[in-house]
Structures are given as structure tokens and as C-alpha cells.
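Subject: Structure handover

Hello,

Here is the structure you are taking over. My notes on what was found in it follow below.

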Amino acid sequence: FYLDHKDEVLPYVKSLVKRLSSELIDTMEKSDKSMISWRTLATLKLISQYMIETNERRLIYPVFLILTSFLRHFPIKTYLPFQIRIANILNQLSQSFEVFEPILCWATDAIQFICSSNCKPGSKFNWDTELRSPQILTYEFCHGAIEHLKRIFFANLLSNCESIAFPEYIMPIKEHLAAIVATKTKLSFEVKFLLNQISEQSKTLVNLKRGIEWSTRQEQITQWKETIEQNSPTPLKDTLVRQSNIEEKKRKMKEEQNIKTKIDDGTGITAEVATADDV
């Protein structure tokens, strides 16, 4: 509908953005956490999907500001499942509009929190239906959180890992990850692979940079593009592409397995039962 009526739908989408922004300000002032809900998440997904399908760039800044506020101003301990969904929306928008969004700093802080948590045995956590963390952080929840955060890392790095500025940009994050691995907790070893991949990529790009000669900035960029094309895929890009393909296959398999139950209310009209995956 919004593809056929883009101009008519835009004012409505703008009103949704304004409403969310106003509610978020009130929420942070009153320390009210009622915005952590499926309604908020569904609204943000609707807005982001409209932006992507219609290539509406005018909403990028206000929507990014709302999304990053959920990451920066709400505690990771309590709202990590909700924040992971928010980070995935940010990644999707960032890749669609080729706009840089520093999600990795938040993801690294979240990884550090999980790795330093005193995890305990407990019941299984359902990531598909829950928006808040369990009161007791269980082993199963913490392992699942690390896997989700690693996927966010990989998705964010996919479009930036062959940038000429990647070694400098990733350096503080790499040091942060190294400090997490150095704690030698049970969960910190799951981060070691991520650290090794980033370190290998940085080393590869630094060596490539040393091999190019340039006198102006534009000449440097041109030389770099040619060098990357000759040496692509680089180690991390190769890993990320393969992992991205695997994730896409998993997503399609999940969609095929998600057979919706149909109900008949006696009027002859058949309806489908909505699940949490539809939000």
C-alpha cells in the first residue's frame, strides 16, 4: 500500500516518529520503562520498512536518534533482548542507506557485561517471545546473548571491513575485546574467534596500505579501491560473506517451518493466528 501511495503515507509515518520521540523523552524523564514493548518494536519495524522500500532518506536522522537512545539510555542487564532487536533494525537501515552507525561500541559493552556476569543454572529462555532478560541470568541465556551479539558484530562489519580506515576504527574495539578475553571466564573464550578475525583483518589491511603510493587524498582512495579489488575477498570479508549466507538460509528455513494455524469463526471467513514472529 505505501509503495503505491508513498506521498499520502509519509505524513502518517512522520506522526509515528514524532509520537515515539515524544514518548521516549517522557519515558527517560520519568524513568518509566513502559516503552519496552511489542507495540514500540512493531512501530519501529513498520517505520524502518517504509523507509527502506520507499528510499525515504529524510527520516534517517530522527529514526537513528530514537533507535540509538534505546541502546544508550536503557540498562543492558534488563533489556538486552529488546536492544538486540533494536540493533538489528539499525544494522538493516545502515546497510540499506549506506550510512555509518557505530553499533559496535554498544555491542562490545554488552559482550563485556555478559562475560562478567555470574551466570547460574536455570530454565530455558525463549528469545522469540521475550523482550526482557530473565531475573536470574542463566548459562543458556548468556550463551544465547553472546551468539546474538556476535551476529550483530558480523552484520555491522560486513560493509565496513575493507575500508581504508578499518584498522584505525577497530583498534579501540579490538583492545576492548582483548581485555574481555584476558579475563579468561567461561564465556570470554567465545569472543576469542571474533578478536582473532578482527586482528587478522587489521594486519592484512595495514600491509596493503603500506604497499600503495599516493600524493593526494583522491589518489590514495583510487589506489586503495584498486588494491582491494585485486586482493578481495580479504580474510574477514570472506568469513562474513559465508556467515551471512548461512544466516540467510537459516532465516528462510525458519519461515518455511513457521506454518500458521488457520481458524474458522463459523462465518466462512478463514483467519491466520498471529505469532510473535509476525511483530
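Between which helices is the loop that holds Pro 233? Pro 233 sits between helix H9 (217-231) and helix H10 (235-257). Helices here are DSSP runs of H or I with at least four residues, strands are runs of E with at least two, and both are numbered from the N terminus. The peptide bond that leads from Ser 232 to Pro 233 is cis, its omega being near 0°.

Some ground rules before the rest. This is a predicted model, in which local features need pLDDT of at least 70 and side-chain atom pairs count only at pLDDT 80 or more, while totals for chains, interfaces and linings use all residues. Residues are numbered from 1 along each chain as its sequence is written, and side-chain values use heavy atoms, with hydrogens and water left out.

Overall picture

The protein chain has 10 helices and two strands. In sequence order the pattern reads α-α-α-α-α-α-α-α-α-α-β-β. The C-alpha trace spans about 75 × 50 × 45 Å along its principal axes. Of the 279 residues, 39% count as buried (buried is under 20% relative accessible area, exposed over 50%, partly exposed in between, with a 1.4 Å probe and protein chains only). Among contacts with a separation of 6 or more, 69% come from residues 24 or more positions apart; a contact means heavy atoms within 4.5 Å.

Helices H3 and H4

Helix H3 covers residues 60-72 and helix H4 residues 76-97; their axes come within 9 Å and cross at roughly 150°. The axes are lines fitted to C-alpha atoms, for helices over the stretch in contact, and the angles run from 0 to 180 degrees between N-to-C directions. The crossing of H3 and H4 is left-handed, a term used if the near helix is turned anticlockwise from the far one by less than a right angle; clockwise would be right-handed.

On the H3 side the contact includes Ile 60, Val 63, Phe 64 and Leu 67, and on the H4 side it includes Phe 82, Ile 86, Leu 90 and Phe 97. By class, the contact of H3 with H4 has 13 nonpolar, three polar and no charged residues. For these classes, Ala, Val, Leu, Ile, Met, Phe, Trp, Tyr, Cys and Pro are nonpolar, Asp, Glu, Lys and Arg are charged, and the others, Gly among them, are polar.

Aromatic pairs

There are eight aromatic pairs in the structure. The ring centres of Phe 125 and Trp 127 are 5.0 Å apart and the planes stand at 75°, so this pair is edge-to-face. Rings of Phe, Tyr and Trp (its six-membered ring) pair if their centres lie within 6.5 Å; planes under 30 degrees apart are stacked, over 60 edge-to-face and the rest tilted. Phe 125 and Trp 127 are both buried. Elsewhere, ring pairs join Phe 70, Phe 74, Tyr 79 and Phe 82 into a cluster.

Single residues

- Asn 91 is in helix H4 and is buried at 3% relative accessibility. Leaving out residues up to four places away in sequence, Asn 91 touches Ile 103, Ile 152, Ala 155 and Asn 156.
- Thr 138 is in the loop between helix H5 (104-115) and helix H6 (139-157). Thr 138 is buried, with a relative accessible area of 6%. With residues up to four places away in sequence not counted, Thr 138 touches Cys 119, Lys 120, Pro 121, Gly 122 and Ser 123.
- Asp 109 belongs to helix H5 and is partly exposed at 37% relative accessible area. Apart from neighbours within four places in sequence, Asp 109 is in contact with Ile 76 and His 176.

Backbone points

Most residues other than glycine have a negative phi, and most peptide bonds are trans. Asn 55 has a positive phi of about 55°; this residue is in the loop between helix H2 (38-54) and H3 and is partly exposed at 49% relative accessibility. Glu 98 also has a positive phi of about 55°. Glu 98 lies in the loop between H4 and H5 and is exposed, at 74% relative accessible area.

Regards
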